[in-house]
Amino acid sequence: MTTGTLKVFAQGERELVITREFDAPRHLVFEAFTRPEHLRRWLGGLPGWEMVVCDMDVRVGGKYRWMWKSLEDGLSMGMSGEYREVSPPDRLVSTEKFDESWYPGTAVGTIVLTERGGRTTLTQTMLYDSREARDAVMASPMEEGVGVSYDRLEEVLRDLAG
Amino acid sequence: MNAARHLDATFAALADPTRRAILARLASGEASVNELAKPFAMSQPAISKHLKVLERAGLITRGRDAQRRPCRIEARPLAEANDWLEGYRQFWEGQFQRLDALLDELKARETKSGRTKKGTRR
């Protein structure tokens, strides 16, 4: 599934992968993910939500805590985790757990940045504790690889429309 | 079934290529188990098993006719599944578009400070 350059797909049994290209060198993308003053400006959550807590101690073993609040009804959503690898400018590994998680266990997120001609490709891989957890997040039927099932789903839906 | 469970069932049912093919076939009109089994190198009981999964997920319904029990596709769960995936994708695209804007700003800032440095060297 692609809009612009964003792709979301399931990999193996327990992984979910997001890739996206950015028109900037990777050290800047790395900064955008690791400096709270940058992160809180773009990781705003859903429309109508605002990031109200963005504490992060970006070093191996350091913790982070993020929280968003709905401007409309005051509901909040929080998550936290720990940094496991911090290797600028191309690799960042951290754990994540939502306060009110809809999937079991803790996920491990790995961000890899590759640069080419001043553009950066982000590959964000989330590794879940189990296939059930991964599927609960992605609800992904894509066992055959990149976006296949979504394409199939689209096919089916197209057929339905036709 | 609550919404999340319902979605789980939909996606689990869609995880199998045979079941997706069955749905694609049913999209062009109802069919009996026999008719569905034909294009697949599969026994009727094997196809029936797949149909049960699809039926449980609410993706198909089966007619009352005891002999034929024709299968019919149900569009709503598919539409819901599609909405979910689309929502997920849109969520991240929304975040990343803001990141695009921020990166433009950081790039501009860097270029500016780069020029200043070169300027001071002269």
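## Contacts and layout of chain B

In this predicted model, take the contacts in chain B between residues at least 6 apart in sequence: 51% of them join residues at least 24 apart. Two residues are in contact if their C-beta atoms, placed from the backbone, lie within 7 Å.

Chain B has five helices and two strands. Along the sequence they follow the pattern α-α-α-α-β-β-α. Helices (H or I, at least four residues) and strands (E, at least two) are DSSP runs, numbered from the N terminus. Of the 122 residues of chain B, 25% count as buried. Buried means that 20 or more other C-beta atoms lie within 10 Å of the residue's own; exposed means 12 or fewer, and partly exposed is in between, with C-beta atoms placed from the backbone.

## Helix α4 of chain B

Helix α4(B) covers residues 44–56. Its 13 residues should span 18 Å at 1.5 Å a residue, and its end C-alpha atoms are 18 Å apart, so the two agree. The expected span is 1.5 Å times one less than the number of residues.

Which residues of α4(B) are buried? They are Ile47(B), His50(B), Leu51(B) and Leu54(B). Seen down the axis of α4(B), the buried residues fall within an arc of 105 degrees, so they line one face of the helix. The arc is that of the directions from the helix axis to the C-beta atoms. Just after α4(B), Gly58(B) takes a positive phi of about 75 degrees.

In soluble globular proteins, nonpolar side chains tend to be buried together. A nonpolar core here is a set of buried Ala, Val, Leu, Ile, Met, Phe, Trp, Tyr and Cys residues joined through C-beta atoms within 7 Å. The largest has 18 residues. Those with the most contacts inside it are Ala13(B), Leu26(B), Leu54(B), Leu59(B) and Ile60(B). In chain B, α1 (3–14), α2 (17–26), α3 (33–37), α4 and β2 (71–73) each supply at least two residues of this core. Helix α1(B) gives the most, with four residues.

Leaving aside neighbours within four places in sequence, Leu54(B) is in contact with Ala13(B), Arg19(B), Ile22(B), Leu59(B) and Ile60(B).

## A hairpin and a loop in chain A

Strands β4(A) (residues 49–56) and β5(A) (residues 63–70) run antiparallel, joined by seven bridges. Two strands pair if DSSP finds at least two bridges between them. Trp49(A) stands opposite Ser70(A) in β5(A). The hairpin has six residues between the strands, and Gly61(A) takes a positive phi near 90 degrees.

Pro25(A) lies in the loop between β3 (15–22) and α1 (26–34) of chain A. Why does Pro25(A) count as partly exposed? Because Pro25(A) has 19 C-beta neighbours inside 10 Å. Leaving aside neighbours within four places in sequence, Pro25(A) is in contact with Glu115(A), Gly118(A) and Thr120(A).

## Confidence

pLDDT is the predictor's confidence in each residue, from 0 to 100. Chain A averages 80, and chain B averages 79. Where pLDDT is low, the predicted coordinates should not be read in detail. The predictor gives the complex an ipTM of 0.75 and a pTM of 0.63.

Local features need pLDDT of at least 70, and side-chain atom pairs count only at pLDDT 80 or more, while totals for chains, interfaces and linings use all residues. Residues are numbered from 1 along each chain as its sequence is written, and chains are lettered from A and ligands numbered from 1 in the order in which they are written.
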